[in-house]
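Dear colleague,

Please find below the structure that I am handing over to you, followed by a summary of what was found in it.

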Amino acid sequence: MGKLKNKTFLCLSGGREAICGINILKSLGARIYVFDGDENAPARHHADGFQKVNIYDENEVARILEKIDYRSIEGVVALGTDNPRSVSKAKLLLNKENDN
């Protein structure tokens, strides 16, 4: 596998633009969970898990994370989208505020 074996990441975007980044992370051994507002998001089929969430609403992202078992998530990425508030809120909730 790779350097990210057994690491899990949350991707706050499931658009076509995210597919390449998701595939690269997966090729390094990572597991990827995708949140996106479109239940037919193109990247959904490349992820290990998917949740329909408005990724531009940081409070909705936090509510969904609180409902699921997110303890295994080790990082948050936004690929092909600009939603810094949701990424920041998710990282704080996951206690990853010091990650780069």
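**Ser13 and its surroundings**

Leaving aside neighbours within four places in sequence, Ser13 is in contact (heavy atoms within 4.5 Å) with Ala18, Val34, Phe35, Asp36, Ile55, Ala78, Leu79 and Thr81. This is a predicted model, in which local features need pLDDT of at least 70 and side-chain atom pairs count only at pLDDT 80 or more, while totals for chains, interfaces and linings use all residues. Residues are numbered from 1 along each chain as its sequence is written, and side-chain values use heavy atoms, with hydrogens and water left out.

Ser13 is found in the loop between β1 and α1 (19-27); helices (H or I, at least four residues) and strands (E, at least two) are DSSP runs, numbered from the N terminus. With a relative accessible area of 3%, Ser13 is buried, where buried means under 20% relative accessible area, exposed over 50%, and partly exposed in between (1.4 Å probe, protein chains only). A polar atom of the Ser13 side chain lies 2.6 Å from the backbone oxygen of Leu79.

**The sheet**

The open sheet is formed by 4 strands in the order β3-β2-β1-β4, with parallel pairing; two strands pair if DSSP finds at least two bridges between them. The edge strands, each pairing on one side only, are β3 (49-52) and β4. On average, neighbouring strands of this sheet are turned by 20° against each other, direction ignored (axes are lines fitted to C-alpha atoms, and angles run from 0 to 180 degrees between N-to-C directions).

β1 pairs with strand β2 (residues 31-36) in the parallel sense over 4 bridges. Within β2, Tyr33 is the bridge partner of Leu10, and Val34 is the bridge partner of Cys11. β1 also pairs with β4 in the parallel sense over 4 bridges, and there Gly75 of β4 is the bridge partner of Phe9. The pairing of β2 and β3 is likewise parallel, over 4 bridges, with Tyr33 opposite Gly49 in β3.

Both faces of β1 are covered: Thr8 and Leu10 on one side, and Phe9 and Cys11 on the other, are all buried. From β1 the chain crosses through α1 to β2, and this β-α-β crossover is right-handed (with the strands pointing away from the viewer, the path from the first strand over the helix to the second runs clockwise).

**Helix α3**

In helix α3 (residues 84-93), the buried residues are Ser86, Val87, Ala90 and Lys91. They lie on the same side of α3 because they cover an arc of only 130° around the axis, the arc being that of the directions from the helix axis to the C-beta atoms. These buried residues pack against β1 (8-11), α2 (58-67) and β4 (73-77). The face turned away from the buried side of α3 carries the exposed residues Pro84, Arg85 and Leu92. Just after α3, Asn95 takes a positive phi of about 60°.

Yours sincerely

Terms used. Polar contact = N/O pair within 3.5 Å; in protein donor to acceptor, adjacent residues only side chain to side chain.
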